[in-house]
Amino acid sequence: MKEEIFVYIIGTAGSGKSTLTHIFKQWVELRGVDAITVNLDPGAENLPYKPDVDIRDWISLKEVMDTYKLGPNGAQIACADMLALNIDDMKKSIEAFKTDYVLVDTPGQLELFVFREAGKYIVEFLNPQRSLIAYLLDPALAKNASGFVSQLLLAISTNFRLNRPQVSVLSKADMLTKEETEVVTQWSQDAEQLHDAILTEQASIYREMSEGILRLIQDFQEQTTLIPTGKEDFLGIEDLYTFIQLQFEGGEDLMRD
Ligand SMILES: Nc1nc2c(ncn2[C@@H]2O[C@H](COP(=O)(O)OP(=O)(O)OP(=O)(O)O)[C@@H](O)[C@H]2O)c(=O)[nH]1
Ligand SMILES: [Mg+2]
């Protein structure tokens with residue numbers, strides 16, 4: 001029986017999660033690899049793709065707001081906790097597809113999925129062995145050194161919390177110039193360069209703190225990689241696919257051409 005690979009697409013609000021879910025699915029399908037999309041955001045509006053499995057079939061943000069007389073933020077938290085109650089049914093729906101890839105689009109606010117209990121429970125319940133996190137770095141926040149470091153700290157928190165193989169994705173890379181993308185890529189590969197950039201940018205009172213943080217980041221970066229992606233021309237999607245295949249299949253390609 002074939003066993004799916006679960007790819008959780010996680011990142012700060014607006015970092016491009018739903019778009020990446022959409023283009024990754026299109027890319028693999030064009031190459032004859034089966035994939036399904038799962039939407040875990042009960043408040044999602046105007047998704048760029050039609051989810052194959054959709055939490056909104058079980059939970060509606062609007063209904064939770066009306067029933068429990070909650071505002072949008074309180075209702076988001078209630079919905080996040082309710083996700084786990086429906087995960088058994090969702091798992092059955094996912095398994096019925098008998099697919100190769102399950103692309104999981106997570107809620108807009110990353111803390112709802114990463115820091116509350118339900119997210120960790122879901123990852124472990126669906127398939128703890130064959131799950132990978134694609135962590136999206138938003139270029140608007142990552143193009144200066146202190147923003148890049150702050151984003152990586154969230155990526156490290158995610159890694160610490162969910163404890164799965166993880167890849168960093170520089171999403172919407174088409175919004176950066178070629179030079180800017182090169183600089184961010186360099187920072188992801190060379191701690192010295194990131195260190196220099198931080199020291200140039202930060203006031204001296206932050207130096208001591210930055211050095212401690214940079215050591216943490218260096219350890220993290222040694223185990224991960226940064227892949228720039230973008231919605232035009234499937235930028236970077238092949239690299240992302242190859243990285244994931246290497247994690248689980250030792251590089252064996254599922255493509256049928
Ligand atoms: N230029 C460019 N814009 C992008 C790309 N990916 C996403 N966007 C835009 O960025 C905005 C947010 O994209 P989404 O895919 O909705 O991001 P998200 O992380 O799912 O957003 P939330 O679920 O609301 O947190 C939209 O306006 C997208 O059109 C990209 O690769 N390039
Ligand atoms: Mg989204």
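This is a predicted model: local features need pLDDT of at least 70, side-chain atom pairs count only at pLDDT 80 or more; totals for chains, interfaces and linings use all residues.
## Ligand shell

Seven strands form an open sheet with parallel pairing, in the order β3-β2-β4-β1-β5-β6-β7. The edges are taken by β3 (53-54) and β7 (226-228); each has a single partner strand, so one side of each lacks a neighbour in the sheet.

Helix α1 lies across β1, β2 (35-39), β4 (101-105), β5 and β6 (166-170). The helix runs at about 165° to β4.

## Strand β1 and its partners

Strand β1 (residues 5-11) pairs in the parallel sense with β5 (residues 131-137) over 6 bridges. Strand β4 also runs parallel to β1, and 5 bridges join the two. Tyrosine 8 has a bridge partner in each of these strands: valine 104 in β4 and isoleucine 133 in β5. For valine 7, the bridge partner in β5 is leucine 132.

In a regular strand, side chains alternate between the two faces of the sheet. In β1, Ile5, Val7, Ile9 and Gly11 lie on one side, with Phe6, Tyr8 and Ile10 on the other, and all of them are buried. Because 7 of the 7 residues of β1 are buried, the strand is largely enclosed by the rest of the structure.

Notes: Residues are numbered from 1 along each chain as its sequence is written. Chains are lettered from A and ligands numbered from 1 in the order in which they are written. Two strands pair if DSSP finds at least two bridges between them. Helices (H or I, at least four residues) and strands (E, at least two) are DSSP runs, numbered from the N terminus. Two residues are in contact if their C-beta atoms, placed from the backbone, lie within 7 Å. Axes are lines fitted to C-alpha atoms, for helices over the stretch in contact, and angles run from 0 to 180 degrees between N-to-C directions. A residue is buried if 20 or more other C-beta atoms lie within 10 Å of its own, exposed if 12 or fewer, and partly exposed in between; C-beta atoms are placed from the backbone.
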